[in-house]
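Please take a moment with the sequence and the model shown here before reading on. The paragraphs below are meant to be followed with the structure open beside them.

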Amino acid sequence: MAINFTSPTRKKNSYLTFVGKAKNKNAKKPLMAIFMTFISLAAIIAVAVNLIISSLILPEELGAYSFTFAPPAVFEILEQNNIQPRLSGMEFNLTSGEVLFNAINNRIDDRSGVNSAIAALQGAVNLRLLQVGQPVIISYVDGISSDTLHSVIIPLRNSNRVTALRQPDGSFKVSETVNLTLTQPTLKQGVVRTSLYQAGLEVGIPANRLAQIFDIFAFSVDFQRDIFAGDELAVIYEELVDTRGNVVGTGNLLAVKLTTRGQPRQAYSFDGDFFDENGESIRRALLLTPVQGGRLTSSFGTRRNPISGFTEHHPALDFAAPMGTPIMSAGDGVVVHRGWDARGYGNYVVVRHNNSYETLYAHMSRFNNLAPVGARVAQGQTIGYIGSTGQSTGPHVHYEIRRNGVRLNPAVAVANMPSGRSLTAGERPVFIEHIHDLAAQLNP
Ligand SMILES: [Zn+2]
């Protein structure tokens, strides 16, 4: 049996015109006239549609097809006219305001068949949620005065679809076909010309994966100031692939390597977190206590100023420690300010960690000469030493965390930051084994 797919706008094949039975479906007539005029164009489109539909209807769905279901009257008429029953198909998209029933009923003459197909589909799909542009594929037996709906296929996301297929007793049976998806690691590499984000998009890295990369490196890379043309991004993430080989979605981020001015940073997904190539956690929150053994002496909030006696807002934490104790940078960053403020901070240092976070350390006795303005400092690196300069009653560090210039309660800010965990001794060899192939791809 031949399966003939017509163009979406049909209405009728030429042999029906020959039979001379006009159908009471005038809506498509102007379009038909255009198609008669551009008959060769129509033929090309019909072939294209045929290809599309062929790719969407599985052989097993049509292979078992038999005409026994059809109302005998249709076949009697066809037989009387020496016409072989033919199965035709078409694909169309729902237009604005068009409900599925009307969309099918306007295209073929089988009102009761469309009714029962819709009734059957309603059990499987919320038809009211179908959106404008939703593709619909139907197959039907061409009749003379009427057609016989054979199947309705509604493709859904991820190559899944719902099919209503006419049964021998004339009813419609609905089945859902879920295409299995496989995850397949894919490597994408980009070079920065304007921005890292743009470089990622240009090579096809999905925006949600790029956002994740920004998040992973949020406390080790200043994306506004550390990224330059020529910097490189290499990413391995999972693509979801259906059984026909189509990429239908994005899976997990597996590994990323960001090279800024020749300095590579790597992150590997493992057990729900990200670690560098040595198994150290990549997510580093700022330190809550920037001095070892520091004792909290003043909290964030309203307090009585120990010197002036006035009530004031204290937008920081104070940690007391012996004079000369090293003060550490709370996170990876760049020293952006070292200064003297006689009436307030005394000797103080500001470190910028990323686009939005800065930390300030005040009342130092002296600075660390190895961390001048412009120096890149790592979390835990000494930037100065405990003192009591400026407005201070004793040796301590006044520690502020600023986000976009707003001074936050460090205790709350640190608690809200993503913090990584350390791999156990048992996990470490598993991790090294896990990243072996990924690392080889990122570091060819
Ligand atoms: Zn203070």
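Predicted model: local features only at pLDDT ≥ 70, side-chain atom pairs only at ≥ 80, totals over all residues.

What follows is a walk through this structure, from the whole chain to single residues.

The mean pLDDT of the protein is 79, and 79% of its residues reach 70 or more. Confidence is lowest in helix α1, residues 14–19, where the mean is 23, and highest in strand β20, residues 366–367, where it is 97. Over residues 1–70 the pLDDT stays under 50, and for that stretch the model has 75 contacts beyond four places in sequence.

With that caution in mind, we can turn to the overall make-up of the chain. The protein has 11 helices and 24 strands, and of its 444 residues, 32% count as buried. If we take the contacts between residues at least 6 apart in sequence, 65% of them join residues at least 24 apart.

One part of the fold that can be followed strand by strand is an open sheet of five strands, in which the order is β7-β8-β9-β10-β11 and the pairing is antiparallel. The strands at its edges, each of which pairs on one side only, are β7 (181–191) and β11 (273–275). Neighbouring strands of this sheet are turned against each other by 25° on average, when direction is ignored.

Helix α9, residues 207–216, touches β8, β9, β10 (263–270) and β11, and its direction makes about 35° with that of β9. Helix α11, residues 427–442, touches β7, β8, β9, β10 and β11, and its direction makes about 135° with that of β10.

Thr250 is found in strand β9, and it counts as partly exposed because it has 17 C-beta neighbours inside 10 Å. Leaving aside its neighbours within four places in sequence, Thr250 is in contact with Pro206, Asn208, Arg209, Tyr237, Glu239 and Leu240. For Thr250 and Arg209, which are 41 residues apart along the chain, the C-alpha atoms are separated by 8.5 Å.

Met417, in turn, lies in the loop between α10 (410–416) and α11. With 17 C-beta neighbours inside 10 Å, Met417 counts as partly exposed. Once neighbours within four places in sequence are set aside, Met417 is in contact with Ala285 and Leu286. Although Met417 and Leu286 are 131 residues apart along the chain, their C-alpha atoms are separated by 7.8 Å.

Most residues other than glycine have a negative phi. Against that background, Arg261 has a positive phi of about 45° although it is not a glycine, and its place is in the loop between β9 and β10. Is Arg261 buried or exposed? Arg261 counts as exposed, because it has 9 C-beta neighbours inside 10 Å. His363, also a residue other than glycine, has a positive phi near 70°, and it is found in strand β19, residues 357–364. His363 is buried, because 26 other C-beta atoms lie within 10 Å.

Strand β18, residues 346–352, runs antiparallel to β17, and seven bridges join the two; as one example, His337 stands opposite Val350 in β18. Strand β17 is also joined by two bridges to strand β21, residues 376–377, and these strands run antiparallel as well.

Terms used. Residues numbered from 1 in each chain as written. Helix = DSSP H or I, 4+ residues; strand = E, 2+ residues; numbered from the N terminus. Buried ≥ 20, exposed ≤ 12 C-beta atoms within 10 Å, placed from the backbone. Contact = placed C-beta atoms within 7 Å. Pairing = 2+ DSSP bridges. Axes fitted to C-alpha atoms, helices over the stretch in contact; angles between N-to-C directions. pLDDT = per-residue confidence, 0-100.
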